[in-house]
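Please look over the sequence and the structure below. The paragraphs after them go from single residues to the interface between the chains.

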Amino acid sequence: MSRAETGTATVPAGTGAAVRSPRALWTLGLLRSELSVTFRRWRTLALLGVLAAVPVLVGIAVKIETGDGAGAGGDAGGPAFISQITNNGLFLVFTALAATLPFFLPMAVGVVAGDAVAGESGAGTLRYLLVAPAGRTRLLLTKYAAVLAFCLAGTLVVAVSALAVGALLFPLGELTTISGTRISFAEGLLRALAIALVVAASLIGVAALGLFVSTLTGSGIAAMATTVGLLITVQILDQIPQLHALQPYFFSHYWLSFADLMREPVYWDDLMKNLGIQALYAAVFGSAAWARFTAKDITA
Amino acid sequence: MAPYESDGSTTAGAAEERRAARGRKATRYAVPVAVIGVAAATIGLVPALADSGDPDLPDITAQQLLEKIAASDTERLSGTVRISTDLGLPDLGGLESGLLSGGPGSPSASGSGDGEDGGSAADPSTKLTELAAGSHTLRVAADGPDRQKVSLLQDGSEYSLIHDGKDVWGYDSASNEVYHSTVATGTGKEREKVPATPKDLTEEALKAVDDTTSVTVEGTAQVAGRDAYRLVVKPRQDGSTVGQITVSVDARTGTPLKFTLTPASGGAAVVDAGFTKVSFAKPDASTFDFTPPKGAKVTEADETAAELPEHGQKSPGAPAGDLDGLKVIGEGWTTIASFDTGGSGLPTADAGGGLGDFLGSFGDQVKGDFGTGTVFSTRLVNALITDDGKVYAGAVTKEALVKAANAAK
């Protein structure tokens with residue numbers, strides 16, 4: 001949160017007399033402590049470790065499969081871009097993101113988001129957090145910011161690990177977009193960064209949903225399980241053709257549209273729809289989490 | 001609330017407080033509800049508001065519009081085409097495209113021994129027949145008669161057909177396979193003529209315009225942000241399954257922008273192809289540049305040409321001109337193609353085993369002066385296969401097929 005925003009942020013009655021600048025400092029301090037609590041947890045580090053391992057596994061598997069000099073498997077199975085990895089290691093970034101986005105990444109985000117409020121509540125530390133003159137709204141916003149930071153961190157861990165493995169095992173260089181045109185390696189790197197950012201942004205919806213679930217219960221495990229369960233349910237529903245009228249409103253429906261960034265020219269329609277649906281989920285479940293959290297009785 | 005609050009003399013004040021607290025809570029929950037409401041209203045209203053109604057254009061006769069289409073010399077264009085086809089074929093999934101394409105996996109190809117890996121995943125005939133069912137997004141770009149590109153957008157991959165000078169490249173990014181042919185050989189030229197854009201479809205449709213057809217201009221429409229006239233082509237004859245064809249023609253350039261074919265039986269369009277975005281500027285030259293990526297499997301056209309049988313190239317409804325014993329009955333929209341397979345019709349339950357039952361379950365048994373036969377129906381094309389091995393097919397109703405079979409007897 002920036003200094004300007006804190007001036008207008010909603011503050012629950014009772015703390016209205018506080019002075020402005022200490023409040024801004026408070027927010028920054030709160031965010032910093034929240035981030036360090038999140039990222040110092042062994043659980044968070046383990047999740048990031050699992051995410052970093054996925055590209056390594058994919059890279060080694062592709063390397064072994066094609067080690068005898070044969071081209072990549074001709075059939076179109078597997079995640080997107082997998083057939084191009086042997087020719088350009090940069091494609092491992094795209095493949096790894098395509099492989100982790102449907103499940104690993106949102107699951108990790110669901111764990112962190114589900115634990116955000118319910119975990120504190122379950123450990124009995126939530127009331128101490130509220131003793132500080134930060135206010136519930138600001139605490140919730142800080143929690144959400146920390147979860148979003150984890151979304152970005154998780155995605156970047158996958159991307160960087162994939163880039164490192166790709167550079168080690170496969171050649172790099174000019175690459176062919178899926179439209180058949182060529183782009184330079186530097187532009188390819190830029191597109192990889194853009195794709196990583198879009199993938200991170202695709203997780204905004206799950207993060208908001210997880211945060212809302214987290215405000216509903218006092219048990220961190222229950223909140224995580226519910227969030228991950230919802231994630232799996234939505235993914236399954238997204239596969240049922242009879243529900244095609246509803247599917248555009250599922251948060252995961254346009255996730256794989258990040259591949260459209262590899263078209264030339266870039267096909268923006270689905271990308272925009274994806275970002276729009278994430279913003280919608282953030283608004284709806286963010287405000288629901290706010291309504292629930294600021295109105296509930298904190299007993300633990 | 002703690003239990004002690006609810007007894008004794010404090011009840012009145014505590015109850016009031018509780019009511020106020022509950023009111024505040026309710027107000028808070030109104031926020032997410034309001035957000036959902038605003039979102040729903042936006043999703044519902046924005047398309048309606050963006051639809052600025054039919055544009056006001058000077059009146060034009062059908063003849064003038066046809067001339068405008070013919071005179072249209074749009075050579076440079078790029079855009080996105082949305083194409084939906086609903087032929088009412090039974091949904092066979094991948095089997096369907098395998099059968100239609102005649103490529104690897106179809107019964108005829110697998111019979112030839114090495115048919116399994118004879119074709120390339122990047123072969124245009126394999127790919128573009130996918131358009132025969134479902135909804136697809138295509139990107140088209142053209143710069144003069146020598147440089148064109150059509151890309152079929154798929155989830156996370158793309159199939160591009162690039163014509164640049166004498167080369168025709170097919171690139172399937174999912175399997176990283178390349179198909180190459182040269183226009184001079186002739187086969188390549190035919191293949192890239194699979195009608196996919198509204199313009200191609202319109203040309204096909206307008207070939208049929210004669211005195212059996214009524215052509216009118218019915219109002220205007222907005223397609224891909226451009227003002228367009230709506231040209232309506234209707235068969236005058238009874239017995240055709242084609243209800244009407246609507247073509248939206250760009251008012252300024254005369255380029256067809258949208259093509260819709262509605263069946264006489266009503267319901268959703270059989271073919272609906274239209275630009276969702278279009279630009280008449282010169283496309284980037286790099287669009288047409290193609291060099292096979294490193295490591296891609298390149299298949300030359302000559303290698304597969306011998307293995308690919310002729311069938312599967314025809315658009316539905318087009319008479320199969322090169323089949324032996326082909327007869328064309330009728331004219332205009334109610335043309336029926338008929339030929340004698342020389343065999344004994346459909347494999348029956350005795351002869352064909354399970355296959356006969358399987359095929360028979362898709363058709364309807366009919367009787368007439370000609371004997372008995374089976375009619376296979378789609379929403380556009382119907383085919384009658386008689387038990388003595390004659391086939392009648394056309395974009396006509398079942399009754400018209402039976403009548404033709406009776407007359408031929």
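Asp272(B) has a relative accessible area of 21% and is therefore partly exposed; buried means under 20% relative accessible area, exposed over 50%, and partly exposed in between, with a 1.4 Å probe and protein chains only. The model is a predicted one, in which local features need pLDDT of at least 70 and side-chain atom pairs count only at pLDDT 80 or more, while totals for chains, interfaces and linings use all residues. Residues are numbered from 1 along each chain as its sequence is written, chains are lettered from A and ligands numbered from 1 in the order in which they are written, and side-chain values use heavy atoms, with hydrogens and water left out.

The side chain of Asp272(B) meets that of Lys258(B) in a salt bridge, at 3.5 Å from N to O. A salt bridge here is a side-chain nitrogen of Lys or Arg within 4 Å of a carboxyl oxygen of Asp or Glu. Asp272(B) lies in strand S11 of chain B and Lys258(B) in strand S10 (residues 256-263) of chain B, so the pair ties together parts that are 14 residues apart in sequence. Strands (E, at least two residues) and helices (H or I, at least four) are DSSP runs, numbered from the N terminus. Lys258(B), at 28% relative accessibility, is partly exposed.

Another salt bridge of chain B joins Arg76(B) to Asp143(B), with the closest N and O atoms 3.2 Å apart. This pair links distant parts of the chain, as Arg76(B) is in strand S1 (residues 76-85) of chain B and Asp143(B) in strand S2 (residues 134-143) of chain B, 67 residues apart. Are the two partners buried or exposed? Arg76(B) counts as partly exposed at 42% relative accessibility, whereas Asp143(B), at 9%, counts as buried.

In chain A, a salt bridge connects Arg191(A) and Glu187(A), whose closest N and O atoms are 3.0 Å apart. Both residues belong to helix H8 (residues 185-202) of chain A and are four residues apart, about one turn of the helix. Arg191(A) is buried at 11% relative accessibility, and Glu187(A) is partly exposed at 32%. Salt bridges also link Glu34(A), Glu120(A) and Lys143(A) into a network. Over all chains, the count comes to 19 salt bridges.

The aromatic rings come next. A pair of rings is described by the distance of the centres and the angle of the planes. Rings of Phe, Tyr and Trp (its six-membered ring) pair if their centres lie within 6.5 Å; planes under 30 degrees apart count as stacked, over 60 as edge-to-face and the rest as tilted. By this rule there are eleven aromatic pairs over all chains. One of them is the tilted pair of Phe39(A) and Phe150(A), with 6.2 Å centre to centre and 40° between the planes. Phe39(A) sits in helix H2 (residues 20-40) of chain A and Phe150(A) in helix H7 (residues 136-169) of chain A, 111 residues apart, and the pair links these distant parts of the chain. Phe39(A) is partly exposed at 24% relative accessibility, while Phe150(A) is buried at 1%. Elsewhere in chain A, ring pairs link Phe212(A), Phe251(A), Trp255(A), Tyr281(A) and Phe285(A) into a cluster.

Thr241(B) is in the loop between strand S8 (226-235) and strand S9 (242-250) of chain B. It counts as buried, at 9% relative accessibility. The side chain of Thr241(B) reaches the backbone oxygen of Leu380(B) at 2.5 Å. Leaving aside residues up to four places away in sequence, Thr241(B) touches several residues, including Pro263(B), Ala264(B), Arg379(B) and Thr397(B); contact means heavy atoms within 4.5 Å.

How many residues of each chain meet at the interface? Contact involves 32 residues of chain A and 36 residues of chain B. Together the two chains bury about 2800 Å², 53% of it on carbon and sulfur atoms; buried area is the accessible area (1.4 Å probe) that two parts lose on being put together, summed over both. Asn87(A), Arg263(A) and Tyr267(A) supply 17% of the area that chain A buries against chain B, more than any other three residues. Between chain A and chain B the count is two salt bridges. Arg263(A) and Glu158(B) meet in a salt bridge through their side chains, at 2.8 Å from N to O. Helix H11 (residues 268-295) of chain A gives the most to the side of chain A that touches chain B, with eleven residues.

Key:
Polar contact = N/O pair within 3.5 Å; in protein donor to acceptor, adjacent residues only side chain to side chain.
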